[in-house]
Amino acid sequence: MTWLHDFVLGAPGTTPAVVWGYWVAAVLTLAVYSFLYKDNPLYRFAESVFVGVGAAYWLALLYHNTLVPKLFVPLFPPEGEPMLWYRIFPGILAVFMLLRFFPKLSWLSRWSLGFIVGMYAGVNTTGFAQGDFVAQLHATMTTPLTEGGGLSIALNVAAILGVIATLVYFFFSKEHRGALGGIARVGICFLMVAFGASFGYTVMGRVSLLIGRMTFLLRDWLHLMH
Amino acid sequence: MRREIPLAITFLVGMFMLVDFFVPHTRVSAVGEEMKQWGTIVIAASILLGIGNLIRVHSKKIARRNTGWGYSIVCLTVMSVMLWFGLWPGERLGPSPLVGTIAQGSYFNWMYMYMDVPLQSTMFSLLAFFIASAAYRAFRLRSPEASLLLIAAIIVMLGRVPLGQLMTKGLPEKATLPWLTEAIMTYPNMAAFRGILIGAALGVMATGLRIILGIERSYLGGEK
Amino acid sequence: MAQFDLRNVDRRVIFTLIFVAVAWPLIQPMRLPMDVTPPVQQLYDSVEAVPPGSIVMLAGDYSPDTMPELQPMVVAFVRHAFRRDLRIVTTSLWADSPPLIEAAMTPLAEEFGKSYGTDFVNLGYMAGGTVTLLGMGASIPNTFPQDYHQTPVRDIPLMREVENFDDIALVMNISSGTPGTREWVQQVQSRYRVRLASGTTAVAAPPFYPYVQSGQLVGLLGGLKGAAEYEGLVGATGDATRGMDAQSIVHALIVFFILLGNVVYLMERRARPTGAARPARAPEVSP
Amino acid sequence: MRTHSPLVGLALILALCAPVFGAEGETAPPAPGENAPPDPVTLLSARDYLDNNDNGDKIEVTWCLSADDGGGAGDVLEYRIRRSSGPGVAGEVVGTVPAGTTSFLDEGVEPGEAYYYDVAAFDGGSESAPAETGPVTGRRNFFQTSRLPVLVLAALFFAMVLTFTRLAQRGANLFVRRIPGLTAVEEAVGRATEMGRPVLYVPGIGEIDDIQTIASLTILSHVAKITAEYETPLIVPTARSVVMSAAEEVVKEAYAEAGHPDNYSPDNIRYLSDAQFAFAGAVSGIMLRERPAANLYLGAFWAESLLFAETGFETKAIQVAGTANVSQLPFFVTACDYTLIGEELYAASAYLSKEPKLLGSLKGSDWMKVVSIGIMVLGIVLSLFGVTGFAGWFFTQ
């Protein structure tokens, strides 16, 4: 009987908001799982709710956490604080961006797009150059090869060869024949082992998500876990 | 002019970001910092654009009574209700902790925690089922490479869980599944991904260069 | 043919098996033992090495879809940091993260008697991804002028001590995609010499091993297993540890499926050496 | 000291300091002020500190511990750092740091002024003789010296990309090897023709601005020319309306170019759904109902890859896949007949389109990989012979 009570009305100490919440969440969860049987209106309904809630959430957060502090407050500051007048420029670019909805003025949105694309291009170019390209070259060169015992040294040497062979595999200016082809074959072996590892990890990740949902259903909603 | 100005903006902003990376002089850094703050604002607007687009697509669907327009009504209704909770200026209704705020305990937060959270997590947990079914029906030792992949995958799958640890208990350490898994991750996996990383970095750098110099302009869309 | 045909198993049978394999160990736990892997140990040691009183940053860049893997990491990290009297500043490049982090921190703050504004602060979400990271490199208060609840940061005592990454002893990035750990490594760790640790989904973890080897990451938690190991080190059983039994059983089941599927496939191929509806191997097949 | 590279200087200091560090914590400190003043610090140096936002107002002072800090009398409590405007002039204390510390960042200097620093160990009663260094000037620097390797390598790479692009524009014949994946694609299409069944081409679920989608559309054009020739139906389901319009254009043009504009059927280029799983479900439906004999998945794929590959395997279609989304590659490799891995997708598109900008980047990246391999091999060999400076130069963090 206590189980039935907990199931319907929530465990002692749970507020009505939480009890309602668990029920709504459980129904939505089951609606999504109904897709496993086949595509059906219940699943479509849940999917539409999903899209609606997600968009509303993002919009509200964008307003409260980005637009208000970064644009509205600097332009219309409270008493006694300086106005950052130059924030009018990104404000204009932001408005231009939204002009895409008006066909006659949509060409202005390219200004804003140009700004963002240029910024990302600059930032990513240096980020990848320093953080990935140069840093990984350095790390390969400083792989420890004189310490840690025979097995460790052998594995480190193998890793260095693996890096080089992988790069050779992605070399397109010569036919993969002869020695080059041989190295490329080694590269593909390294890639396959890495993809195998990825495969295993991905399986793990997907299963974890299911475990998370089942924990919710079995513990919070059905009170079957202790 | 409709293409030249955006290309010029891209060039100037992109070049400035490159300069900002190499030049620590305070004049450059100060301008750079404000530019980055501008960036967050314009990027926020681009997200607004995406959400606006969504509203437009669903409204059109309803207006034209396209198949599934009922679902579009559901979508827009839920969205409006949640936005009302999240954005309604609370002061006008009198101070309320429930509406017009995103704090813990508000209606907005409730809708997020009990509708968005379960829906998002459940959508992706479907994949556990699909992966299991594909494991039985589609993952095949069809070539030496695929076999190598699957063998590594099986070692990692077992080595990453306590069961695998139990299965090879008692064997010398370097033959246990957890050790083999960690070795795969640290050496061949690391090496291959480093190769991919270096290649991908070059790809991104080349694309960045093309964009900044205006050689790549497909992002601007067609000439209309 | 009425008999059970292994070649044409309805996928719903497989779905049911998976469902049972997850539910059963959750209801009847076995509590299988677990070792700690080096990247997790390194992460734990790095947090231990931060002097008490320092400020650490919890950068949550995840969303509810990966919560089962990542939320336990957040909980364990916050517990670890609070226990060592570290103060926590949280930021998010993903709109979804701030309430999830808040949900994890509120009960722990109560447990450890920590108060908002002096011991921890949630700066909320900021659009912009990599650009936001660079803005933080120049000035964190200018990049996040208000916290999640719209309090100006100058009114928050903890934030008076934070100007940029020089004031942050360690960044723990909880990441499930882009922007995430890769962007933190490229833009923040490389550029501003920050000690960066990462907790990621299992899907994202393998490509980050080069960063662990190069020292760009001081530690890495990969998926539920990484979270469970970290929970073990911190000494608090959580959802990750509880989930590992189910993880074990399902992995074993999937391995069994792969093996069985391939046995059936090989038998089928042997039974029909020629004239099969599909070629065993397309010409020039490699990877 | 300032003429040395900071790294070499640091290594030197660490090497010389090593014996002192080794003795740390072995003796209990006697009560302060009991005995003679502590030994002075050694190897004192000061340099302009290069900040990310360099206002020229920071100078970093480094030294080696006094012999009485950790070892010796073990009674050092703190170090006092003084700054003055001339040699031998008694300066003001700008900071004190606890025993065991070997550096101090002075954050309040006037840019452009020359300073002298002296550091003295203090044991609670008396100070050691001060060690002095200088002059040193805080400057607003115009170049972040630690990032020089990034500049050099990026400049070299960019020069190669631009050179190859120019060569390609002038019509030079730049060799790119044929990607085996393309042969697999053509054979799959050929087989579908033999069997009289359609070809299914999924250009991923990325947006039109995703470079993978763009690469995919190039390959789609190639495939469309073959199907136009063979009069084989080509079905292209898309998840983005803009991608659909682009795919329509591409296919129509390809049919016209192949001389069979009448064979083009606009009904086969379909927009199905933006929602990931709804799209995956709909594509699976096409596979089961229309039974394409060749399934080509090229572009940006995420979790739906699994569903496609599985259903396609069930329908016994020949499957060729290609994506740069690494986490999906394992599923394609194990369930498809051929898979284009990562960069191969871009290479295939450059190979087919012969566009100078794509060829230039591809060739530039190729030769930069050769340079990278050269650098790595050289760095490792030199390190093995004890020359670590070359590898060390690439440390930019």
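A salt bridge here is a side-chain nitrogen of Lys or Arg within 4 Å of a carboxyl oxygen of Asp or Glu. Keep that in mind for chain B and chain D: the rule finds 4 salt bridges across their interface.

Some ground rules. This is a predicted model, where local features need pLDDT of at least 70 and side-chain atom pairs count only at pLDDT 80 or more, while totals for chains, interfaces and linings use all residues. Residues are numbered from 1 along each chain as its sequence is written, chains are lettered from A and ligands numbered from 1 in the order in which they are written, and side-chain values use heavy atoms, with hydrogens and water left out.

Back to B and D. One salt bridge joins Arg137(B) to Glu310(D), with the closest N and O atoms 2.8 Å apart.

Which element gives the most to the side of chain B that touches chain D? H7(B), with 9 residues. Helices are DSSP runs (H or I, at least four residues), numbered from the N terminus.

Now the extent. Contact, meaning heavy atoms within 4.5 Å, takes 36 residues from chain B and 44 residues from chain D. The two chains bury about 3,800 Å² between them, 73% of it on carbon and sulfur atoms. Buried area is the accessible area (1.4 Å probe) that two parts lose on being put together, summed over both. Phe22(B), Pro24(B) and Arg142(B) supply 17% of the area that chain B buries against chain D, more than any other three residues.

Next, chain B against chain A. Here 106 residues of chain B are in contact with 110 residues of chain A. The buried area is about 10,100 Å², with 82% on carbon and sulfur atoms.

How many salt bridges does the rule find across this interface? It finds 2 between chain B and chain A. In one, Arg185(A) pairs with Glu145(B), and the closest N and O atoms are 3.1 Å apart.

Notes
Helices (H or I, at least four residues) and strands (E, at least two) are DSSP runs, numbered from the N terminus.
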